[in-house]
Amino acid sequence: LKFDGFEPIKALIRGRIANSVDENKERSKAWKEKICWEIIQKRHGVQNNERQHAISVSMKFHLKAHGGQELDAENYLKPILDAVAAGLFATDDLHPPEITRFDFDDSNFDNVYFEKLTPAERFEDECVIITISQKTT
(Lines give C-alpha, C1' and ligand atoms only; values in the text may rest on other atoms or scores of the structure.)
Protein backbone atom coordinates (compact mmCIF):
# COMPACT_ATOMS: atom_id res chain seq x y z
CA LEU A 1 0.00 0.00 0.00
CA LYS A 2 1.80 3.08 -1.21
CA PHE A 3 0.30 6.08 -2.98
CA ASP A 4 2.43 8.67 -4.77
CA GLY A 5 5.56 8.13 -2.67
CA PHE A 6 3.77 8.71 0.65
CA GLU A 7 5.37 6.56 3.33
CA PRO A 8 2.66 4.35 4.86
CA ILE A 9 1.87 4.37 8.56
CA LYS A 10 2.37 0.89 9.98
CA ALA A 11 1.16 -0.21 13.40
CA LEU A 12 1.11 -3.48 15.30
CA ILE A 13 -1.34 -3.55 18.20
CA ARG A 14 -1.33 -6.50 20.58
CA GLY A 15 -4.22 -7.51 22.79
CA ARG A 16 -7.67 -9.04 22.69
CA ILE A 17 -9.37 -7.79 19.54
CA ALA A 18 -12.71 -6.21 20.43
CA ASN A 19 -15.76 -6.21 18.20
CA SER A 20 -18.68 -3.87 17.62
CA VAL A 21 -21.21 -6.14 19.32
CA ASP A 22 -19.19 -6.69 22.51
CA GLU A 23 -21.42 -6.04 25.53
CA ASN A 24 -18.36 -4.93 27.50
CA LYS A 25 -18.26 -1.31 26.28
CA GLU A 26 -15.24 -0.47 28.46
CA ARG A 27 -13.18 -3.21 26.79
CA SER A 28 -14.25 -1.97 23.37
CA LYS A 29 -13.37 1.65 24.23
CA ALA A 30 -9.98 0.62 25.65
CA TRP A 31 -9.24 -1.30 22.44
CA LYS A 32 -10.09 1.71 20.27
CA GLU A 33 -7.99 3.99 22.48
CA LYS A 34 -5.02 1.64 22.17
CA ILE A 35 -5.24 1.69 18.36
CA CYS A 36 -5.78 5.45 18.32
CA TRP A 37 -2.68 6.10 20.49
CA GLU A 38 -0.55 3.95 18.20
CA ILE A 39 -1.71 5.80 15.06
CA ILE A 40 -1.24 9.23 16.68
CA GLN A 41 2.34 8.35 17.62
CA LYS A 42 3.15 7.46 14.01
CA ARG A 43 1.10 9.91 11.96
CA HIS A 44 3.42 12.98 11.83
CA GLY A 45 0.64 15.42 12.68
CA VAL A 46 -3.08 15.58 11.98
CA GLN A 47 -3.85 14.03 8.60
CA ASN A 48 -6.13 15.48 5.93
CA ASN A 49 -9.44 13.60 5.91
CA GLU A 50 -10.21 14.93 2.42
CA ARG A 51 -7.45 12.79 0.92
CA GLN A 52 -8.11 9.25 -0.22
CA HIS A 53 -6.81 6.54 2.09
CA ALA A 54 -6.13 2.85 1.71
CA ILE A 55 -6.25 0.79 4.89
CA SER A 56 -4.99 -2.76 5.29
CA VAL A 57 -5.98 -4.69 8.42
CA SER A 58 -4.52 -8.09 9.26
CA MET A 59 -5.92 -9.85 12.34
CA LYS A 60 -4.35 -12.69 14.28
CA PHE A 61 -6.92 -14.14 16.68
CA HIS A 62 -6.35 -16.37 19.68
CA LEU A 63 -9.51 -18.39 19.15
CA LYS A 64 -9.87 -19.56 22.75
CA ALA A 65 -10.02 -15.92 23.91
CA HIS A 66 -13.14 -15.56 21.76
CA GLY A 67 -14.85 -18.69 23.03
CA GLY A 68 -13.93 -20.73 19.96
CA GLN A 69 -16.85 -19.14 18.10
CA GLU A 70 -17.07 -18.03 14.48
CA LEU A 71 -15.49 -14.60 14.05
CA ASP A 72 -17.58 -12.25 11.91
CA ALA A 73 -15.03 -10.02 10.17
CA GLU A 74 -17.21 -6.92 9.82
CA ASN A 75 -17.89 -6.83 13.58
CA TYR A 76 -14.14 -6.68 14.23
CA LEU A 77 -13.32 -4.24 11.42
CA LYS A 78 -15.71 -1.47 12.51
CA PRO A 79 -14.03 -0.60 15.83
CA ILE A 80 -10.60 -0.80 14.18
CA LEU A 81 -11.57 1.57 11.36
CA ASP A 82 -13.27 3.94 13.81
CA ALA A 83 -10.07 4.03 15.89
CA VAL A 84 -7.87 4.51 12.82
CA ALA A 85 -9.96 7.50 11.74
CA ALA A 86 -9.68 9.00 15.22
CA GLY A 87 -5.94 8.38 15.26
CA LEU A 88 -5.48 10.07 11.90
CA PHE A 89 -7.84 13.02 12.24
CA ALA A 90 -8.07 13.95 15.94
CA THR A 91 -6.42 17.24 16.81
CA ASP A 92 -3.10 17.15 18.63
CA ASP A 93 -4.70 18.38 21.86
CA LEU A 94 -7.34 15.61 21.94
CA HIS A 95 -6.14 12.47 23.73
CA PRO A 96 -7.84 9.11 23.08
CA PRO A 97 -9.27 8.73 26.63
CA GLU A 98 -11.07 12.06 26.05
CA ILE A 99 -12.84 10.78 22.93
CA THR A 100 -16.42 9.93 23.82
CA ARG A 101 -17.55 9.06 20.27
CA PHE A 102 -15.26 7.49 17.70
CA ASP A 103 -17.17 9.04 14.80
CA PHE A 104 -14.46 10.82 12.82
CA ASP A 105 -15.12 11.10 9.08
CA ASP A 106 -13.77 8.01 7.34
CA SER A 107 -15.65 8.52 4.06
CA ASN A 108 -12.34 8.75 2.15
CA PHE A 109 -11.18 5.31 3.27
CA ASP A 110 -11.57 4.30 -0.37
CA ASN A 111 -9.73 1.00 -0.22
CA VAL A 112 -10.02 -1.28 2.78
CA TYR A 113 -8.24 -4.62 2.75
CA PHE A 114 -8.81 -7.33 5.32
CA GLU A 115 -6.84 -10.47 6.10
CA LYS A 116 -7.38 -13.06 8.80
CA LEU A 117 -3.98 -14.52 9.69
CA THR A 118 -3.24 -18.00 10.99
CA PRO A 119 -4.66 -18.17 14.54
CA ALA A 120 -2.36 -17.34 17.43
CA GLU A 121 -1.45 -20.25 19.67
CA ARG A 122 -0.95 -18.01 22.72
CA PHE A 123 -3.15 -15.17 23.95
CA GLU A 124 -0.10 -12.86 24.01
CA ASP A 125 0.22 -13.24 20.24
CA GLU A 126 -3.27 -11.95 19.37
CA CYS A 127 -2.84 -8.72 17.41
CA VAL A 128 -3.80 -6.54 14.48
CA ILE A 129 -1.42 -5.13 11.91
CA ILE A 130 -2.62 -1.91 10.30
CA THR A 131 -1.09 -0.21 7.27
CA ILE A 132 -2.39 3.19 6.16
CA SER A 133 -1.55 4.97 2.92
CA GLN A 134 -2.91 8.22 1.53
CA LYS A 135 -2.87 9.98 -1.79
CA THR A 136 -0.90 13.20 -1.57
CA THR A 137 -2.89 15.03 -4.29
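Is glutamate 33 buried or exposed, and what is its relative accessible area? Glutamate 33 is buried, at a relative accessible area of 16%; buried means under 20%, exposed over 50% and partly exposed in between, with a 1.4 Å probe and protein chains only.

## Basis of the values

The model is predicted: local features need pLDDT of at least 70, side-chain atom pairs count only at pLDDT 80 or more, and totals for chains, interfaces and linings use all residues. Residues are numbered from 1 along each chain as its sequence is written, and side-chain values use heavy atoms, with hydrogens and water left out.

## Surroundings of glutamate 33

Glutamate 33 is placed in helix H1. Helices (H or I, at least four residues) and strands (E, at least two) are DSSP runs numbered from the N terminus. Leaving aside residues up to four places away in sequence, glutamate 33 touches Pro96, Pro97 and Phe102, where contact means heavy atoms within 4.5 Å.

## The sheet

Four strands form an open sheet in the order E1-E4-E2-E3, and the pairing is mixed. Strand E1 (9–14) and E3 stand at the edges with a single partner strand each, so one side of each has no neighbour in the sheet. Neighbouring strands are turned against each other by 15 degrees on average, direction ignored. Two strands count as paired if DSSP finds at least two bridges between them.

E1 and strand E4 (residues 127–134) run antiparallel and are joined by six bridges. In E4, isoleucine 132 is the residue opposite isoleucine 9, and cysteine 127 is the residue opposite arginine 14. E2 and E4 are also antiparallel, with eight bridges; valine 57 stands opposite isoleucine 130 in E4. Of the eight residues of E4, seven are buried, so the strand is mostly covered.

## Helices across the sheet

Helix H1 (residues 25–42) lies across E1 and E4 and runs at about 150 degrees to E1. H2 lies across E1, E2, E3 and E4, at about 130 degrees to E2. Axes are lines fitted to C-alpha atoms, for helices over the stretch in contact, and angles run from 0 to 180 degrees between N-to-C directions.

H2 has 17 residues and reaches 24 Å from its first C-alpha to its last, close to the 24 Å expected at 1.5 Å a residue; the expected span is 1.5 Å times one less than the number of residues. H2 is mostly covered, with 14 of its 17 residues buried.

## Aromatic pairs

Rings of Phe, Tyr and Trp (its six-membered ring) pair if their centres lie within 6.5 Å; planes under 30 degrees apart count as stacked, over 60 as edge-to-face and the rest as tilted. The count by this rule is two aromatic pairs. With ring centres 5.0 Å apart and planes at 75 degrees, phenylalanine 61 and tyrosine 76 are edge-to-face. Phenylalanine 61 lies in the loop between strand E2 (53–60) and helix H2 (73–89), and tyrosine 76 lies in helix H2, so the pair ties together parts 15 residues apart in sequence. Both phenylalanine 61 and tyrosine 76 are buried.

The rings of phenylalanine 89 and phenylalanine 109 have centres 6.2 Å apart and planes at 45 degrees, so this pair is tilted. Phenylalanine 89 belongs to helix H2 and phenylalanine 109 to strand E3 (residues 109–116), so parts 20 residues apart in sequence are tied together. Phenylalanine 89 is buried at a relative accessible area of 11%, and phenylalanine 109 counts as buried at 10%.
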